[in-house]
Amino acid sequence: MPVMAKAPVLTPRADDFPRWYQDVINKAELADNGPVRGTMVIRPYGYGLWERMQRDMDARIKAQGVENAYFPLFIPQSYLTREAEHVEGFAPELAVVTHGGGKELEEPVVVRPTSETIINDYFSKWVQSYRDLPLLINQWANVVRWEMRPRLFLRTSEFLWQEGHTAHATYEDARDFAARIHRHVYADFMENVLAMDVVLGRKTPKERFAGAINTLTLEGMMGDGKALQMGTSHELGQNFAKAFDTRYLSKDGEREYVWQTSWGSTTRMIGALVMMHGDDNGLRVPPRLAPTQVVVLAIKDDEAVLAKVREVGDRLAAAGVRVKVDDRTDTPFGRRAVDWELKGVPLRVEIGPRDLENGTAMLVRRIAGGKEPVAIDALAELCPRFLEEDQALLLTQSRERRESRTTDVRTVEEAAEAAAAGGWARIPWADLGPEGEDRLAEQAVTVRCLVGEDGSVPESDDAPGTLAVVARAY
């Protein structure tokens, strides 16, 4: 009788990338679909990743002098109509509440899609003089944007995020602060913690945030060559200040409008983690992010083995490693090993009776691949070193992917071709322009951002030598 090939745990990425993505979300126990279309339940392992992201980002945001606050989920509908571009940009995505307490509301309220309007209403009360500036506020919250084509973590009707909102005395202060968040909070976090290569640039006028005068973005290339917007930082100019009469008394005794910024990053970063670092065996979590960096597994239900596994766990914890001891010997070892592989824990230490006799453990590296027996006494020294090596490897791999799959082109046709083939294209913005951008859009290709020839962020849309990075995107 022929031996049946064992079905893979996950759909191979090369066969069906979207299905593979859904498989990883499901099998690694990151999230489930919620009961209302477009919503999601974030499971403990997925939420653990978000908590680690939140903690690290929060420290970086506070290091810029920003304080956390909280604003209401419900916003009067009239607030959104005060800034014309803003309401037009968000109108299709709004969830509106018309009834409460069994009665029709006198004025409908919008479920927060973003908080520029309500925060400005309070900024206009709190800002009186130049001494009140800069006013730097952040909130960790949920937002609702009614999503027509939902996909877990990437596009959901409700998601978690942080949104920063600031008010400054001058245009230059606001511009510089938006750039600081862009580089020193977002880019630094994404590269040094998430091990993700990101391109920093500015959005074209068509792709800008509704109501902003400039949007700075971070774009990452996923495993299938598509782009994902990882975070944005906006210069709002004085648009919202004028709509909400947010003014201050200057040193010269003049009433001046403030200059503002807003910036945000979301649970979408978990989706990026799957698509940028994942492989056919599941997640690969960067060690600096991983809630569990090393899992120590008991292979058999043996008293000496269990005692050694717990001792190794204590030693690794004392060495500063985030460690979990897996002594669930009533669950088959093979199933547990596959489970940790799917969840992308960077290192596995496997110990059985034979290992004890030899004074060794099997060390399995999820990111670099491969396994080798190592002396149990050397684990506390080796694991931190391997974790740092693997952190660097993930960043290198993501950078090499982007560089090898980005093509320099001169025409709209070549740009569309490169994107359709699963890569990015760089084209001089002077050759593309808004008309070329419209032509690309007809083929589901967008200008992800504008960059300088040297990789810097251009100071204006038409700065000489500006290149457009174009791709298909999530």
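User: Which helix gives the most to the lining of the largest cavity?

Analyst: Helix 9 does, with three residues. A quick note before we go on: this is a predicted model, in which local features need pLDDT of at least 70 and side-chain atom pairs count only at pLDDT 80 or more, while totals for chains, interfaces and linings use all residues. Residues are numbered from 1 along each chain as its sequence is written, and side-chain values use heavy atoms, with hydrogens and water left out.

User: What makes a space count as a cavity, and how many are there of 30 Å³ or more?

Analyst: Picture a 1 Å grid over the protein atoms alone: a cavity is a set of points where a 1.4 Å probe fits but cannot get out. Points are joined across faces, edges and corners, and the volume is the space filled by probe spheres set on them. By this rule there is one cavity of 30 Å³ or more, and the largest cavity has a volume of about 30 Å³.

User: Which residues line the largest cavity?

Analyst: V312, R315, L316, I376, L379 and A380 do; to be called lining, a residue needs an atom within 4 Å of a point. Helix 9 (303-318) and helix 12 (379-404) each supply at least two residues of this lining; helices here are DSSP runs of H or I with at least four residues, strands are runs of E with at least two, and both are numbered from the N terminus.

User: How many residues of the lining are nonpolar, polar and charged?

Analyst: Five are nonpolar, none is polar and one is charged. Ala, Val, Leu, Ile, Met, Phe, Trp, Tyr, Cys and Pro count as nonpolar, Asp, Glu, Lys and Arg as charged, and the others, Gly among them, as polar.

User: Why do E29 and R43 count as a salt bridge?

Analyst: The closest N and O atoms of E29 and R43 are 3.9 Å apart. A salt bridge is a side-chain nitrogen of Lys or Arg within 4 Å of a carboxyl oxygen of Asp or Glu, so that distance qualifies. E29 lies in the loop between helix 1 (17-27) and strand 1 (31-33), and R43 in the loop between strand 2 (40-42) and helix 2 (44-63), so the pair ties together parts that are 14 residues apart in sequence. E29 and R43 also belong to a network of salt bridges with D339 and K343. A search of the whole structure finds 33 salt bridges.

User: How do you know whether R402 and D197, which meet in a salt bridge, are buried or exposed?

Analyst: We use relative accessible area, found with a 1.4 Å probe on protein chains only: under 20% is buried, over 50% is exposed, and in between is partly exposed. R402 has 15% and D197 has 3%, so both fall in the buried class. Their N to O distance is 2.4 Å.

User: What class does that rule give E389 and R385?

Analyst: E389 has 39% and R385 has 44%, so each is partly exposed. They form a salt bridge at 3.9 Å, and both lie in helix 12, four residues apart, about one turn of the helix.

User: How do you know that the charged end of R365 sits over the ring of F386?

Analyst: The charged end of R365 is 4.1 Å from the ring centre of F386. The rule asks for NZ of Lys or CZ of Arg within 6 Å of the ring centre and within 35 degrees of the ring normal. K226 likewise lies over the face of Y474, at 4.8 Å from the ring centre.

Methods:
1 Å grid on protein atoms, 1.4 Å probe; cavity = no way out; pocket = protein on both sides within 12 Å on 5 of 7 lines; lining within 4 Å.
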